[in-house]
Amino acid sequence: MEVQKFNYDNALVRNFILATLLWGAVALLVGLVIALQLAFPVLNFGLEFTSFGRVRPVHTNAVIFAFIGNAMFAGTYYSLQRVLKARLFNDVLGKLHFWLWQFIILCAAVTLLAGFTTGKEYAELEWPIDLMIAVAWLSFGANMIGTVVKRREKHIYAAVWWYLATFIGVTILHVVNSVELPVSFLKSYPIYAGAQDAVVEWWYGHNAVAFFLTTPFLGLMYYYLPKASGRPIYSYQLSIIHFWSLIFLYMWAGPHHLLFQALPDWVQALGVTFSVMLIAPSWGGMINGLMTLRGAWDKVREDPALKFMVIAITAYGMATFEGPMMSLKSVNAISHFTDWTIAHTHIAGMAWNGGMIFGMFYWLVPKLFKTPLHSKKLANTHFWIATLGILLFAIPLYWAAITQWLMLREYTPDGLLAYPIFMETTIRILPMYHIRILGGALYFTGFIIFLVNMLRTIAAGQLVANEAAEAPALVNTQTRSETGETPHRWLERKGIRLAIIMFIALAIGGIVEIIPMMKVQSNIPTISTVTPYTPLELTGRDIYIANGCYNCHSQQIRPLRFETDRYGEYSKIGEFVYDHPFQWGSRRTGPDLARAGYMGSSTYKTAIWHYNHFNKPNTVVPRSIMPAYPFLLEKEVDLTIIPTKIRAMRTLGVPYAEGFDTKAVASYLADAQKIADELKQAGVDVKPTKEVIAVIAYLHKLGRDISPAGAAAVNDKK
Amino acid sequence: MGFVGDTLGGIDGIQWYYIVGILIFVGLFIGVAIYTYSIPKKDLNHYKSSIFTKEELNNIV
């Protein structure tokens, strides 16, 4: 048998490792900053670039796509070559992927802080960056599939199946969720609106968790855990069964993020049903991971890499039990819009993804640089500090969630809300936010120890950029064996066939949920009094989105007594038909705003109240943790883009009259003048073209159309 | 494709999405389980160990 000599590409792996270390430090530091901002709002500094609403998406994007993403690529490229006994398919594709990904991260940080955002959680990046992501992702996929095709190993090991599913899954999600209509270089509107946009976005959001944070890490677990422990995976059969079950079921579960919300019941029920079913395949992975260590637990005691992997797999099991429980409506009523969700995501992110990354790096970096780990003692210190940090981070947030929920639903003996002012509940949970900061600081400290340990190890070792290897040539992997073959061999014989079958398994859930939402008109009952946004309101909405207000304020009142008593009538699907994008939010750090324009509701405030509140929140709401937005009072609106926005909205189906774009600026100025006059009567002189006027107009639109006064005004016009 | 068109035309019969979805999953699960258990033990052991070098294999107890 011919033995072929070739080289592994270690330089690309090294680059992604270094990028992980750099962006990991940045991402965690930014996370610490926003935790501090929530407890000490003065740290928002009254600047638009440093306000919580803009910095929080930087943290989430940096953690997911920069820290976890780079680590995932490092681990994937290293293991892929060894498993398939082949150098990566194409060096140029590898370099393109690496440098473009880092450029995307830089662009993301700059644009998000500058207020360019789509306003959709975890998919905030604007359309030019979306296109770059597509190129980088396709270069990753092409390199991976090319390597599979030119492999020297007949069998495709389980880890590679997970990597392939990751590529296909994220491709589907990114394409479907990013269909948007550009109105300028860094501004676009999604083609979906309201409930449809919500279904697509949370189908994406939930499956970004699945196919960016779970499936690649299961693949990494299937390679690095056996390698680090010196034990083959416990059950290969289980790995196949839980692979197909997990990738099929995950795609259906997205609507559990929208329970009790303005969405057809059937979609919510589908989301709940499949979420509960997800426990089984998820625990299949956890069991397979932990059972791999049978007979090797003595190594866990000694080896920091294994310690981190064990905590990661245990956290994976906890989070994948908690997730389905949170999708039960009775639990979701508590967990949604409170800190429970934040605790859940951080258990998964810090312990599962973080643990796998740290464990993988403690094993991989010494191997790659052919030197022992700089300090095992430091690694063990990192382990205990990080573990304590996770606990001190998550436990106070669970506590905060339950406390706030109990307060929000507390009634007096007379049947009135015991805590009618939302701020009272926020103040009560602030001590928990202080402890969370301590947890975050510990985790960050652990990361710095890890960083030092890694850099010292790298400095002491030497990278062989092109590591020599040899393996027997594999002759025609696509030929059917003359003696017959098992279904498994049939599946793997042609990589493209395997990929197509994975695509079908992945696509079914999305198709079943999304297509009926788009096609069945009765899913989206309209309300005759709901009208499109005026140019002034639309501009205010864009400013609201640019400043990330949705990070703290929801626009969705659930049909629960303690919500309707607090905010007013529950939200209906027809209210959101012109919302490109939807702005329902996922966490209420401040009160819901769905009825901020409904006169008589608890959240309706006058123009002067809003003006003063944006300028100095504490003068209006003592002890408020809302950042100050004095820049809204100073910044001018760009009027020239308004006609383009109106035309874009018309293209998306918003029923503005033909030619309205030419009158849009005049309409804007007339409406803005009314608010400026109202403010003048209250003693404030402000130009109608200032941003604050537009935001006030937008807030006064929320819920107005279904209020008696708003509906009457619309009917009068008709 | 008349059935598909009719179903997509209105909310009636939406329960078919649950039923068909779960049936597809049950079918997939049974199929995968049967095919997985049809893989010979020898092959499974080979797959499991394929990521190890000869040296590493010698160290596995």
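A: The lining of the largest pocket is made up of 32 residues, and those nearest its centre are A:Thr534, A:Glu537, A:Asp671, A:Arg704 and A:Lys717. This is a predicted model, and every value given here is computed from it. The volume of the largest pocket comes to about 1,000 Å³. Sorted by class, its lining holds 16 nonpolar, seven polar and nine charged residues. Several helices of chain A take part: α18 (535-546), α24 (660-681), α25 (691-701) and α26 (708-717) each contribute at least two residues to the lining of the largest pocket.

By class, the residues lining the second largest cavity are seven nonpolar, three polar and six charged.

Elsewhere in chain A, two details of the backbone deserve attention when the model is inspected. The peptide bond that leads from A:His580 to A:Pro581 is cis, its omega being near 0 degrees, and A:Pro581 belongs to the loop between α19 (561-567) and α20 (607-615) of chain A.

A:Lys85 and A:Glu153 form a salt bridge in which the closest N and O atoms are 3.2 Å apart. This pair connects distant parts of the chain, 68 residues apart, since A:Lys85 is in the loop between α2 (52-84) and α3 (91-113) of chain A, while A:Glu153 is in the loop between α4 (127-149) and α5 (158-177) of chain A. Over all chains, the search of the whole structure finds 27 salt bridges.

One salt bridge is found across the interface of chain B and chain A. There the side chains of A:Lys227 and B:Glu56 meet, with a distance of 2.7 Å from N to O. Side chains of opposite charge can pair when their charged atoms come close. The interface of chain B and chain A also has four residue pairs in polar contact, with both residues of a pair at pLDDT 80 or more. On the side of chain B that touches chain A, α1 (2-9), α2 (15-37) and α3 (41-49) of chain B each supply at least two residues, and the largest share, 13 residues, comes from α2(B). By class, this side of chain B has 22 nonpolar, eight polar and two charged residues.

Taken as a whole, the contact between the chains involves 44 residues from chain A and 32 residues from chain B. The area that chain B and chain A bury between them is about 3,300 Å², with 75% of it on carbon and sulfur atoms. Within chain B, the residues that lose the most area to chain A are B:Tyr35, B:Lys48 and B:Ile51, which together account for 20% of what that side buries.

Definitions and conventions. Residues are numbered from 1 along each chain as its sequence is written. Chains are lettered from A and ligands numbered from 1 in the order in which they are written. This is a predicted model: local features need pLDDT of at least 70, side-chain atom pairs count only at pLDDT 80 or more; totals for chains, interfaces and linings use all residues. Side-chain values use heavy atoms; hydrogens and water are left out. Contact means heavy atoms within 4.5 Å. Buried area is the accessible area (1.4 Å probe) that two parts lose on being put together, summed over both. A salt bridge is a side-chain nitrogen of Lys or Arg within 4 Å of a carboxyl oxygen of Asp or Glu. A polar contact is a pair of N or O atoms within 3.5 Å; within protein, one must be able to donate a hydrogen and the other to accept it, and residues adjacent in sequence count only if both atoms are side-chain atoms. Helices (H or I, at least four residues) and strands (E, at least two) are DSSP runs, numbered from the N terminus. Ala, Val, Leu, Ile, Met, Phe, Trp, Tyr, Cys and Pro count as nonpolar, Asp, Glu, Lys and Arg as charged, and the others, Gly among them, as polar. On a 1 Å grid over the protein atoms alone, a cavity is a set of points where a 1.4 Å probe fits but cannot get out, and a pocket is an open set with protein on both sides within 12 Å along at least five of seven lines; lining residues have an atom within 4 Å of a point. Grid points are joined across faces, edges and corners, and a volume is the space filled by probe spheres set on the points.
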